[in-house]
Amino acid sequence: MYKRIALILALVILFSFTPAIRDSEAAADYSWIKVKLTTNNATAITMAASGSYFIQENGKGFTGGSLYVRSEFDGTLTVTHSREGELYRGKSFSLMRASIDRDAGAINLNGRNYLGHFNIRVTSNGYLQVVNVVPLAHYLYGVVGYEMSDTFPLEALKAQAVAAKCYVLSGITTSGEYYIGDTSTDQVYKGYDAYARNVIKAVDSTLDKVLTYKGSILRTYYAASNGGETKLVSDAWGSSQSNAGYSVSIDDYDFQNVYSLKETAFFPVGGGNMSPEIYNYLLSLASTKLNASVKSVDYIISIEAKSPRYSSVSRDMTKGHVEMMVTLGNSGSGGSGSGFDFFDSPSTPSEGGEQVQVSADFYLSDLYYYGVFRNASLRIYWGEPVKNGYNIYHVRWGHGVGLSQRGAQQRAIAGHSYEQILNFYYPGAQLSTMTVSPPSNPERPLPVTGPGVQGITTGTVNFRAAPSSSADKLGTIPKGSVITVYAQENGWAAVVYNNVFGYVSMDYIELAGEPAATPLPTSGAATPGASLPVSAYGVVTGSGVNFRSGPSTSYPSIAKLDKGTQLEIYEQVGSWYHAAAKGMTGYITSSYVKITETPKTPEPTAEPTVTPSAEPSDTLPPAKDITYSTGLVTGTGVNFRDKPSTSSGAVLAKLSKNTSLLIWSKSGSWYYASAGNMTGYIHSDYVKITGTYNAPVVPTPGMTPEPPGTGDPIGTGITTGNVNFRKGPSTSDKKITQLKKGTKLTLYALSDGWYEAEVNGTHGFVSAKYVSVVSGGPDTSETIGATTGRVNFRTAPSTSSGQVIRLLPKGTEFTILGETGDWYKVNVDGQTGFVIKAYVKIMKSGSSPVPVTDGSDSQLLNGRPAKTNGTVYFRQSPSTEYGVIIAELPPGTKIVVYQISGDWCLVSVGSTLGYIHKSYVDL
């Protein structure tokens with residue numbers, strides 16, 4: 001693991017922990033670690049929740065369900081919950097965990113569970129940046145368990161916990177949105193595994209321990225294996241770096257660990273069998289040395305590894321020296337021209353058939369290039385005499401500075417304590433103690449406004465984050481406490497106690513009087529409870545549907561209505577019905593209401609009429625009988641706008657294929673419709689009409705529709721090959737024409753891998769992978785890398801199971817398709833394979849590729865189109881027990897398969913990545 005170079009920061013050993021996550025604080029708060037999570041340049045993410053959370057900016061909260069965060073590509077984002085609807089819009093937001101207790105739930109993102117809070121914002125290029133703000137101990141759970149594993153001995157895990165803690169604490173600064181990343185560039189962090197009991201025990205038992213040097217926390221570097229000898233910081237990263245706390249020492253525990261990667265080349269001395277690779281190398285070496293044809297290598301007289309790379313080391317050699325007897329051929333002079341560098345002057349050519357002695361120096365790295373060694377990831381060479389010969393070793397997985405994870409493992413097996421392990425790898429440091437107080441729960445802003453009614457608790461009662469006995473506890477409220485009640489919901493009261501918002505069972509509350517009115521709707525809406533004529537009758541079509549005090553998810557829920565509940569509907573306000581149910585008046589989203597009857601409006605008594613002045617009106621027409629349509633969205637990622645225009649109409653949402661619509665009216669080529677709890681406009685090209693119904697009160701805005709593609713473009717582009725230009729964003733949509741390579745495009749929007757574009761006045765869609773952005777617009781170019789040295793190109797991301805396709809020379813350029821652990825998945829001249837990251841330099845950054853997962857038994861399919869063969873759950877991780885369900889997919893759902901690993905397929909459905917059991921996939 002390569003660690004970034006940083007000066008050792010002087011930190012105060014005594015910490016005071018308070019739950020604050022804002023960057024505007026005057027000083028860093030070391031109880032919280034801010035980790036930038038890898039999102040692969042995502043523009044939309046799904047966060048599956050267990051436990052209770054709220055949004056810091058407005059106090060809106062939820063328990064369980066899924067949170068969907070989407071970039072709008074205008075510098076803002078939208079946050080929507082699977083049950084509560086839209087929760088927030090803005091440039092950034094903080095998602096707060098109501099209870100910071102370790103077992104109070106987690107957010108599952110990209111198949112990993114994360115504790116703590118989240119700061120999420122939109123970057124300048126429209127991507128989502130996700131920072132996990134997590135307590136120190138909880139952060140270390142996610143590092144130690146993946147830098148090592150839960151199977152390591154406890155004392156090794158403790159040593160790793162201290163090293164990982166000091167590494168991050170020594171690098172914290174007060175500036176910046178995050179302290180550290182989550183990859184091996186810093187230290188690996190993959191969230192929380194509740195079953196990693198040894199890891200949790202190791203972290204908790206050493207949480208107050210740090211390594212210090214002269215009162216400052218030591219910058220503790222560590223790596224997988226040192227190959228048998230530790231290394232100085234200055235030798236690894238330059239003479240300007242401090243070696244305080246480190247030294248060079250022989251580490252036979254690392255070398256003896258069977259899991260330490262190493263290659264061994266045995267050179268028989270005085271005669272004996274040698275490998276074909278060694279024999280051929282020595283034959284070439286002798287030919288070049290003698291500048292003559294050598295018939296055979298007869299035997300090795302002596303051989304040794306020499307020339308230490310640094311003055312202080314004895315197991316990092318650069319050269320070798322060999323004495324050998326060879327037999328000359330019959331062809332006289334003429335070297336092999338192998339290109340190896342040697343340090344002795346060539347001898348005078350001898351006559352053919354003679355046996356002569358050859359003495360030659362050589363670079364040990366030549367043994368790798370000649371195939372004696374094969375692992376390009378190992379970094380050093382050294383040798384030692386053994387029985388009947390000499391071994392040269394190719395070792396060291398990592399930089400070799402500080403703690404060796406394999407060395408620590410072997411030492412713990414041998415009975416060493418974590419203190420002894422740390423003392424060996426950081427001999428100049430002192431193990432010190434710091435005081436760590438656990439962080440407290442965050443304070444939640446009030447999500448309610450308006451008057452409430454006072455109540456008194458009739459006993460000591462649990463104060464919860466949601467109206468459920470299974471919701472997280474915010475604390476307890478003593479008997480006789482005065483609270484403010486804002487709403488009642490299924491036996492629960494939404495209350496404020498000591499300026500904190502939460503829920504209390506109504507069984508323990510005695511109200512001081514009749515409850516005051518809950519917050520009223522915005523201006524223009526009817527007052528709940530007012531005497532209004534009934535314009536329609538309906539029934540609730542879902543179970544547990546919220547009946548709210550106002551026409552928005554920001555208003556408290558009065559009750560949860562069961563399926564089939566009868567409604568008297570007064571009027572419609574946006575996408576909400578103002579109605580009466582079970583003796584209550586409130587608001588319910590129209591998505592969960594079926595109109596069953598519309599009463600006839602009586603004829604009015606004739607009265608003189610007044611002709612209104614000719615002025616436009618923004619008010620809605622009165623309730624009346626009309627016929628509306630139902631429909632389905634036929635495309636993927638179709639824009640749902642607040643106006644019937646691609647130029648002035650802001651995007652409210654991107655609708656998925658088969659989203660249900662209630663269509664109120666049509667104006668030009670636009671439908672005015674409701675989708676879920678939103679009302680807006682959708683282009684008719686992407687709508688299939690499925691039926692008609694009678695309904696009251698249709699909002700009919702007086703907007704003039706505009707044809708698509710007439711608004712302000714987001715940029716220009718050019719096609720990179722011959723590509724189909726289609727009527728919709730799907731390969732199933734009708735082809736308009738085929739665009740030739742080099743065709744200029746005007747770009748209007750990017751969604752799910754398709755550009756909405758215009759070519760010579762014609763509006764349509766083109767696949768983004770065949771478009772190079774010339775100006776503006778999101779970056780969809782390829783990521784280009786190049787080798788920084790000779791490196792093996794393999795069939796799999798492993799030096800053990802991945803077969804070498806060929807050796808790539810230094811400077812070879814390729815397209816980076818994805819990444820997995822320490823490997824890049826790349827395309828070299830049309831061939832797909834893997835190269836180790838350590839030998840790759842990014843030449844050009846483009847849009848992030850689809851991630852690849854690990855697994856020696858995996859099969860990579862490179863994005864193969866497929867369909868589901870039955871109804872199947874689409875999950876966030878490959879497990880029926882722990883994999884959070886994203887959606888239930890019907891038979892025939894189109895998917896793209898990237899990898900099969902065990903019984904699971906890594907697939908994408910639209911823009912969402914997840915897992916499906918392979919038995920339900922037809923490839």
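Contact here means heavy atoms within 4.5 Å. The structure is a predicted model.

By this criterion, Leu403 touches residues that include Met148, Ala159, Gln160, Tyr221, Tyr222 and Ala223, leaving aside residues up to four places away in sequence. Ala408, Ile421, Leu422, Tyr425 and Tyr426 are also among its contacts. Leu403 belongs to the largest nonpolar core, which has 82 residues. Within this core, Leu403 is one of the residues with the most contacts, together with Ile33, Met47, Leu95, Tyr139, Leu169 and Tyr426. Helix H2 supplies the largest share of the core, 11 residues. A second core of 39 residues is separate and includes Ala265, Ala292, Ile303 and Tyr381.

Helix H8 spans residues 405–413. Its buried residues are Gln405, Gly407, Ala408, Gln409, Arg411 and Ala412. They are covered by elements including helices H1 (136–147), H2 (154–169), H5 (252–256) and H9 (418–425). Strands S16 (222–223) and S23 (403–404) are also part of this cover. Gly415 follows H8 and has a positive phi, near 105 degrees.

An open sheet is formed by 6 strands in the order S7-S6-S5-S2-S9-S10, with antiparallel pairing. Strands S7 (85–90) and S10 (112–114) stand at the edges. Each has a single partner strand, so one side of each lacks a neighbour in the sheet. On average, neighbouring strands of this sheet are turned by 25 degrees against each other, direction ignored. Inside the order, strand S2 (residues 44–50) and strand S9 (residues 106–109) run antiparallel and are joined by 3 bridges. Ala48 stands opposite Asn108 in S9.

Methods: Residues are numbered from 1 along each chain as its sequence is written. This is a predicted model: local features need pLDDT of at least 70, side-chain atom pairs count only at pLDDT 80 or more; totals for chains, interfaces and linings use all residues. Side-chain values use heavy atoms; hydrogens and water are left out. Two strands pair if DSSP finds at least two bridges between them. Helices (H or I, at least four residues) and strands (E, at least two) are DSSP runs, numbered from the N terminus. Axes are lines fitted to C-alpha atoms, for helices over the stretch in contact, and angles run from 0 to 180 degrees between N-to-C directions. Buried means under 20% relative accessible area, exposed over 50%, partly exposed in between (1.4 Å probe, protein chains only). A nonpolar core is a set of buried Ala, Val, Leu, Ile, Met, Phe, Trp, Tyr and Cys residues joined through side-chain atoms within 4.5 Å.
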